[in-house]
Amino acid sequence: MHLGKIQYNYKLLRFIFSLALLISFTFFAGTSDLKSSTQVVAVFILFVYTAVSFVTLFIKNVSIIDTILDVTFISAFIFTDFDKLKYFSLLYLFPLFFSGFSFESRQAYSVLLLTAFEYSFLFFMYSEQHSSGYLHLILNLFAFWIITFAGLRLRRDLQLQQAYISKLEEEKKQAEVYKKLYRISAELAHEIRNPLASIKAAADLLAEGKTDQKLINMIRNEADRLNRLLSDFLLLSRPKESEKTLINVKERVLRFQELFKDHKEINVNVSGNPYVYMSEKAFDSVLSNLIKNAVEWAKSKIVINVYQLGNKVYIEIEDDGKGIKPEIRDKIFEPFFSTSKTGTGLGLAITNRIVMENKGNILVEDSSLGGAKFVLIFPLGRENESADS
């Protein structure tokens, strides 16, 4: 269980217990024929302790002062009538165990020494110096030490267990990284092997004297495909560092609209004039990859919406194509995953990496046009950021 939750539960149980004890003592004091001054003082101390316990419920942090207050209140309560209330010394066990569990050994043993001193002071003040009294004192002090030691031991065991769990989680993460690396390596080898096979086949035919422009074009196309694949892979694994600047989102989106207007109908709706703060090349790469995908899959229409909400800039790119099935939406950002015959399968992986590195987010939804809808979310660029860079 999380330590913060345990601490709050301790505070809550302390309040409930003190309230129940207050009600009980108030009831017995009210029905007693002989209302002694000690009963009134005991009820008053319990009232103050219950009030303090209630206030601490609204204080987030727990410190050694909490347990010192608990010990002091218990001592004050027992002090009102030691002969009748000395058996309430069992209440010391709760703050002692909690201090051992929650704090370092030096602090826990400090609380233990304070408790032993206060209880011993009460014992000798009431002069219970006979054999059974001494035995009672020794057993209580021994119980105080045992419960503190138990709290410290449990704390140590839980810390060791947490460290072991953290180590296992770290090893699991490393194993997942290596597993993903092996898979990407295998997929890269597969992607390279196909064009190489085509190049080799064309070269063999040329070596046999079968000169054909189609064979030469095949070699060129497959070589270009290999070059594009390796360039994208290098960009994914080691993105180029470039200077960040304030980018006018509206201007960039309109530029891409002009660039792709001959392929499909592209409608752009921009609210306001928002800016983002990042590399121009990186931002252009993100827009280019998403708009190219929309152009490829759209039947006839693409809509781009740009707007600002709070300190975030939203860019929505949607099309009227066949959309993306829910079961593969988590896979489309993985390297080499592609449903396109012409793509390298790295475009969306690169896009996702750039977005994450610039503290943004990217979502995939169903479009009202019937196709896919990509939503880019970036922090709003500030005018002073370009100066800070």
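I take helices (H or I, at least four residues) and strands (E, at least two) as DSSP runs, numbered from the N terminus.

I am reading a predicted model, where local features need pLDDT of at least 70, side-chain atom pairs count only at pLDDT 80 or more, and totals for chains, interfaces and linings use all residues. Residues are numbered from 1 along each chain as its sequence is written, and side-chain values use heavy atoms, with hydrogens and water left out.

Confidence. I checked pLDDT, the predictor's confidence in each residue, from 0 to 100. The protein averages 80, and 83% of the residues score at least 70. Helix H12 (residues 385-388) is lowest, at a mean of 46, and strand E5 (residues 312-319) is highest, at 94.

Patch. I looked up a nonpolar surface patch of about 470 Å², made by Tyr109, Phe142, Trp145, Ile146 and Phe149. Nonpolar side chains (Val, Leu, Ile, Met, Phe, Trp, Tyr) are joined within 5 Å, like charges within 9 Å. Areas are Shrake-Rupley with a 1.4 Å probe, and for residues only the protein chains shown count as cover. Helix H7 (residues 131-207) gives the most, with four residues. Phe149 lies in H7.

Burial. I call a residue buried under 20% relative accessible area, exposed over 50%, and partly exposed in between (1.4 Å probe, protein chains only). Phe149, at 36%, is partly exposed. Gly381, at 14%, is buried.

Gly381. I placed Gly381 in the loop between strand E7 (372-379) and H12. Gly381 touches (heavy atoms within 4.5 Å) Leu246, Tyr275, Val276 and Tyr277, not counting residues up to four places away in sequence.

Key:
Patches are made of residues with over 30% relative accessible area and no salt bridge: like charges are joined within 9 Å, nonpolar side chains (Val, Leu, Ile, Met, Phe, Trp, Tyr) within 5 Å. A salt bridge is a side-chain nitrogen of Lys or Arg within 4 Å of a carboxyl oxygen of Asp or Glu.
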